[in-house]
Amino acid sequence: MDLLNSLGRAEPGPQSPECSRKGCRNAADWQVLWNNPKIHDPDRRKVWLACDEHRGWLENFLAQRLFWRSTEPLAGADADPGTVGPDDEPPVHP
Ligand SMILES: [Zn+2]
């Protein structure tokens, strides 16, 4: 999904980053860092933003696929919601 287009924003901005969970518009408090070794360099980290409610959901989703690496507080971080794109979606099926 495209967060920026869905919100009608002309430009990405650091203000009020939102949860990456589909359908969730809550403000993000966490950045969930993950890596798919099949398509990413080992040192690369993809970032999903998460609200308090969905942090655990996203961690569990990624952990089940062995993609989860770490979760860090979003405050003060260099968050970039634009990193979330179709090619970033882990496979839906096990
Ligand atoms: Zn959420």
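Two residues are in contact if their C-beta atoms, placed from the backbone, lie within 7 Å. By that criterion, among contacts in the chain between residues at least 6 apart in sequence, 64% join residues at least 24 apart.

The model is predicted: local features need pLDDT of at least 70, side-chain atom pairs count only at pLDDT 80 or more, and totals for chains, interfaces and linings use all residues. Residues are numbered from 1 along each chain as its sequence is written.

The chain has 2 helices and 3 strands, in the order α-β-β-α-β along the sequence. Helices (H or I, at least four residues) and strands (E, at least two) are DSSP runs, numbered from the N terminus.

A nonpolar core is a set of buried Ala, Val, Leu, Ile, Met, Phe, Trp, Tyr and Cys residues joined through C-beta atoms within 7 Å. The largest one has 12 residues, including C19, A28, W30, W48 and L62. Its largest share, 4 residues, comes from β2.

Buried means 20 or more other C-beta atoms within 10 Å of a residue's own; exposed means 12 or fewer, and partly exposed lies in between. Of the 94 residues of the chain, 20% count as buried.

A28 sits in the loop between α1 (3–7) and β1. A28 counts as buried because 25 C-beta neighbours lie inside 10 Å. Leaving aside neighbours within four places in sequence, A28 is in contact with P17, E18, C19, L49, A50, C51 and L74. S16 is 12 residues from A28 in sequence, with a C-alpha to C-alpha separation of 7.5 Å.
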